[in-house]
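Here is a short report on a structure with its sequence. Look at the model first, then read on.

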Amino acid sequence: MSAHAESRRAVRTYALVLAGLLALTVITVAAAGVNFGSAFVNAVIALAIASLKASLVALYFMHLIHDRPMSAVIFVTGLVMLAIFLMFCFLDTLSREHVEPAVAAQIPVRAASISARMLSAS
Amino acid sequence: MSKSQVALEHGAHEPFLQHHFHDLEQQGEASKIGMWLFLVTEILLFGGLFVGYGIMRTLHAEAFHQGHLHLDRTLGALNTVVLLVSSFTMAMAVHSARTGDRRRLILFLAATLAFAGVFLGVKYFEYSHKFHEGLLPGKYYRHAGDAVPGVAAFFAFYFVMTGLHGLHVLAGMVAIGWLLRRAARGDFSPSYYSPVDLTGLYWHLVDMIWIYLFPLLYLVS
């Protein structure tokens with residue numbers, strides 16, 4: 001393939017990626033107006049579309065798809081670290097409603113007694 | 001002739017080859033690894049904010065929903081489009097540098113700079129509107145009439161996340177301005193365009209962070 005044809009193909013790829021990114025932006029805005037059952041499911045759908053867009057940017061605009069694997073190894077390692085960071089925080093916050101009923105029954109009482117103590121202290 | 005002598009010979013012809021690299025390709029690959037490592041630190045910098053945002057939003061879902069209603073979704077979507085197009089023009093600038101097209105390199109760098117300016121202009125408009133309404137972070141929050149408490153926390157995240165992102169856009173504009181000067185001077189060629197390539201990587205990461213900020217801040221369900 002000549003250098004000229006290769007260059008034209010690269011430009012076409014970038015234009016297609018931009019079109020895809022713009023289409024996914026429209027889809028994100030439209031999906032935000034639809035109720036998919038719960039706020040959590042809606043948030044997951046919004047983040048899944050965002051991740052698809054970010055993957056397009058990383059693979060094509062940042063050349064990870066043709067690049068030597070070293071760049072992708074560094075990038076993905078960073079993402080794995082971020083995923084661990086996020087996972088442990090959400091293991092906590094998202095599981096608070098699923099504690100044992102016997103324990104859950106005590107939580108409001110204790111919370112109320114703590115805030116009452118804080119109020120009387122201030 | 002030894003390897004270092006070869007490098008010295010090359011150095012005489014290649015003004016941008018630093019003496020500790022064998023050739024420009026090796027220099028370019030090494031600097032690219034450096035840039036990707038820097039981008040990972042950027043991901044973790046914003047990552048801390050994303051984790052904080054996630055915890056506060058799960059614990060105060062109502063307040064975050066109420067808070068996001070104060071943001072202008074149309075302006076957020078407009079800025080998303082502006083930044084995506086600027087990523088495209090940046091990719092085209094890198095491509096022009098690689099193919100040695102100086103005229104198009106300058107054109108696409110200037111377009112990227114202009115889109116970055118539009119982005120910050122819209123952001124300025126949004127910020128001044130928020131300041132005017134008293135929608136300020138934390139204890140500075142002065143907006144009255146919210147149905148639920150805690151909206152100030154949403155605005156703390158809004159200003160820190162978009163503010164840090166805005167600073168990155170500004171830094172990118174400085175870097176692109178520097179590239180424009182060097183491109184006009186004729187520094188870049190198909191064998192040497194690492195500064196354009198690396199600034200491109202940085203710019204795409206800034207775009208990528210906004211791709212997440214837009215649904216998280218403007219489209220809370």
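## A term to start with

The model shown here is predicted.

Chain A contains four helices and zero strands. Along its sequence the pattern reads α-α-α-α. Chain A has 122 residues, and 18% of them count as buried.

Chain B also lacks strands: its count is seven helices and zero strands. Its pattern along the sequence is α-α-α-α-α-α-α. The radius of gyration of chain B is 22 Å, while the globule rule gives 17 Å for 221 residues, so chain B is more spread out than a compact globule. Along the principal axes, its C-alpha atoms fill a box of roughly 80 × 30 × 25 Å. Of the 221 residues in chain B, 38% are buried. Now take the contacts in chain B with a separation of 6 or more: 72% of them join residues 24 or more positions apart.

## Where the chains meet

The axes of α1(A) and α4(B) are 10 Å apart, and the helices pack at an angle of about 170°. That angle makes α1(A) and α4(B) roughly antiparallel to each other. On the chain A side, the contact is made by A:A10, A:V11, A:Y14, A:L18, A:L21, A:L22, A:T25 and A:V29. On the chain B side, the residues are B:A77, B:T80, B:V81, B:L84, B:V85, B:F88, B:A91, B:M92 and B:H95.

## Helix pairs inside chain B

Helix α4 of chain B (residues 73–98) also has a partner in its own chain. This partner is helix α5 (residues 102–133) of chain B. Their axes come within 8 Å and cross at roughly 160°. That makes α4(B) roughly antiparallel to α5(B). The crossing of α4(B) past α5(B) is left-handed. In this contact, 18 residues are nonpolar, five are polar and three are charged.

A second pair joins helix α2 (residues 24–59) of chain B to helix α6 (residues 151–185) of chain B. Here the axes are 11 Å apart, with a packing angle of about 165°. The helices α2(B) and α6(B) are therefore roughly antiparallel to each other. Again the handedness is defined: α2(B) passes α6(B) in a left-handed crossing. From α2(B) come B:L49, B:Y53 and B:M56. They meet B:A153, B:F157, B:V160 and B:M161 of α6(B). What classes do the residues of the contact of α2(B) with α6(B) fall into? Seven are nonpolar, with no polar and no charged residues.

Start with A:H63. It sits in the loop between α2 and α3 of chain A. Is A:H63 buried or exposed? A:H63 is buried, because 20 other C-beta atoms lie within 10 Å, and 20 or more is the cut-off for a buried residue. The backbone of A:H63 deserves a look too. Its phi is near 60°, a positive value in a residue other than glycine.

Now turn to B:A61. This residue is found in helix α3 (residues 61–68) of chain B. It has 16 C-beta neighbours inside 10 Å, so B:A61 counts as partly exposed.

Terms used:
Residues are numbered from 1 along each chain as its sequence is written. Chains are lettered from A and ligands numbered from 1 in the order in which they are written. This is a predicted model: local features need pLDDT of at least 70, side-chain atom pairs count only at pLDDT 80 or more; totals for chains, interfaces and linings use all residues. Helices (H or I, at least four residues) and strands (E, at least two) are DSSP runs, numbered from the N terminus. The radius of gyration is taken over C-alpha atoms; the globule rule is 2.2 Å times the number of residues to the power 0.38. A residue is buried if 20 or more other C-beta atoms lie within 10 Å of its own, exposed if 12 or fewer, and partly exposed in between; C-beta atoms are placed from the backbone. Two residues are in contact if their C-beta atoms, placed from the backbone, lie within 7 Å. Axes are lines fitted to C-alpha atoms, for helices over the stretch in contact, and angles run from 0 to 180 degrees between N-to-C directions. Angles under 35 degrees count as roughly parallel, over 145 as roughly antiparallel, 65 to 115 as roughly perpendicular and the rest as oblique. A crossing is left-handed if the near helix is turned anticlockwise from the far one by less than a right angle, and right-handed if clockwise. Ala, Val, Leu, Ile, Met, Phe, Trp, Tyr, Cys and Pro count as nonpolar, Asp, Glu, Lys and Arg as charged, and the others, Gly among them, as polar.
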